[in-house]
Amino acid sequence: MKNTIAFPGLGIGPFTLSEKFTFLGISIHYYGLIIAIGVVLAYLFAAKKGAKRNISNDTLLDVILWGIPSAIVCARLYYVAFSWEEYRHNLLDVFKIWEGGIAIYGAVIGASLSTLIYCHVKKISFSKVFDVGAFGLLIGQIVGRWGNFVNAEAYGSYTNTALFRMNLVDMGILVHPTFLYESIWNLGVFIFLNLYERYQKFDGEIFLLYLTGYGLGRFWIEGLRQDSLWIGPIRISQLLALICVLIGIICIILGRRKHKTLQ
């Protein structure tokens, strides 16, 4: 499938993107390739951060090897759980992940749980690993969102005035490119965490700042989305974003107080 896209506010396009290409007779989807690139970049950067915290490359590789399948499974389960009406009469469709239907929050939850279990079993400081993981998650999200661009999905509400408005030519609509907003927002959070790292007061603070920063951005960006998952009148991702922000702020305050007391 091909998608024709333009950014009239920026004077870019229109241009046509294909969702997949063929290499040696194998059909490769750009979405999967972009995700894979994000994972590799996340690992390479996390390895540098891990070295400063005495976390070995082998440990990070194990975390990723356990985290990726856990993230995929939980991302799918999250989506299915909140879209149950689509699957309740066709249970086999639950396994058709290639047809789409995953959620980033489910992926983060899955990867976090597998990492927590791994650190507990190996008796490794999960706080330090989570701090390093925050950088990796952000890189994965910054890069991975461009898979949505190629697929012309995860876009926002209609707009004729936004500077970054995206014209989905095949559908004949102008929309907010929420994939772009989130990628740029996460890049800002990534830069902030790198600058803030020298002022870190306790292990786990970087990850908590990631939760807070990502949550703030996701809260307002989700409000623009057209494909949100809902519980009644509430957008689930907005609710989770708010919870992440509150947990992050409260834990940072408590952690800094504890650090100050121990000084």
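Here is a friendly conversation about a predicted model, told in questions and answers.

Colleague: Which pLDDT values do local features and side-chain atom pairs need in this predicted model?
Modeller: Residues are numbered from 1 along each chain as its sequence is written, and side-chain values use heavy atoms, with hydrogens and water left out. Totals for chains, interfaces and linings use all residues, whereas local features need pLDDT of at least 70 and side-chain atom pairs count only at pLDDT 80 or more.

Colleague: What is the volume of the second largest pocket?
Modeller: Rolling a probe the size of a water molecule over the atoms shows where empty space is left. Here a 1 Å grid is laid over the protein atoms alone, and a pocket is an open set of points where a 1.4 Å probe fits, with protein on both sides within 12 Å along at least five of seven lines. Grid points are joined across faces, edges and corners, and the volume is the space filled by probe spheres set on the points. For the second largest pocket that gives about 440 Å³.

Colleague: Of the residues that line the second largest pocket, which are the closest to its centre?
Modeller: A lining residue has an atom within 4 Å of a point. There are 21 of them in this pocket, and the closest to its centre are Ser 112, Phe 130, Phe 207, Leu 211 and Ile 247.

Colleague: Which element gives the largest share of that pocket's lining?
Modeller: Elements are DSSP runs numbered from the N terminus: helices are H or I with at least four residues, and strands are E with at least two. Two or more lining residues come from each of α4 (104-122), α5 (126-150), α7 (205-222) and α8 (236-262). The largest share, six residues, belongs to α4.

Colleague: How many residues of the lining are nonpolar, polar and charged?
Modeller: Ala, Val, Leu, Ile, Met, Phe, Trp, Tyr, Cys and Pro count as nonpolar, Asp, Glu, Lys and Arg as charged, and the others, Gly among them, as polar. Sorted that way, the lining has 17 nonpolar, three polar and one charged.

Colleague: Is Glu 205 buried or exposed?
Modeller: Glu 205 sits in helix α7. Buried means under 20% relative accessible area, exposed over 50%, and partly exposed in between, with a 1.4 Å probe and protein chains only. Glu 205 has a relative accessible area of 0%, so this residue is buried.

Colleague: With which side chains does the side chain of Glu 205 make a polar contact?
Modeller: A polar contact is a pair of N or O atoms within 3.5 Å; within protein, one must be able to donate a hydrogen and the other to accept it, and residues adjacent in sequence count only if both atoms are side-chain atoms. At 3.0 Å, Glu 205 is joined to the side chain of Arg 256. At 2.5 Å, the partner is the side chain of Tyr 196.

Colleague: Which residues touch the most other members of the largest nonpolar core?
Modeller: In soluble globular proteins, nonpolar side chains tend to be buried together. A nonpolar core is a set of buried Ala, Val, Leu, Ile, Met, Phe, Trp, Tyr and Cys residues joined through side-chain atoms within 4.5 Å. Among the 35 residues of the largest one, those that touch the most other members are Leu 193 and Tyr 210.

Colleague: Which element gives the largest share of this core?
Modeller: Two or more residues come from each of α1 (30-52), α2 (57-81), α4, α5, α6 (178-196), α7 and α8. The largest share, eight residues, comes from α5.

Colleague: Which residues is Ala 42 in contact with, leaving aside its neighbours within four places in sequence?
Modeller: Ala 42 lies in helix α1 and is buried, with a relative accessible area of 10%. Contact means heavy atoms within 4.5 Å. By that rule, Ala 42 is in contact with Gly 136, Ile 139 and Gly 140.

Colleague: Where is Lys 123, the residue with a positive phi although it is not a glycine?
Modeller: The phi of Lys 123 is about 55°. Lys 123 is exposed, with a relative accessible area of 77%. Its place is the loop between α4 and α5.

Colleague: Which peptide bond is cis, with omega near 10°?
Modeller: One of its two residues, Pro 14, is in strand β2 (residues 12-18). The cis bond runs from Gly 13 to Pro 14.
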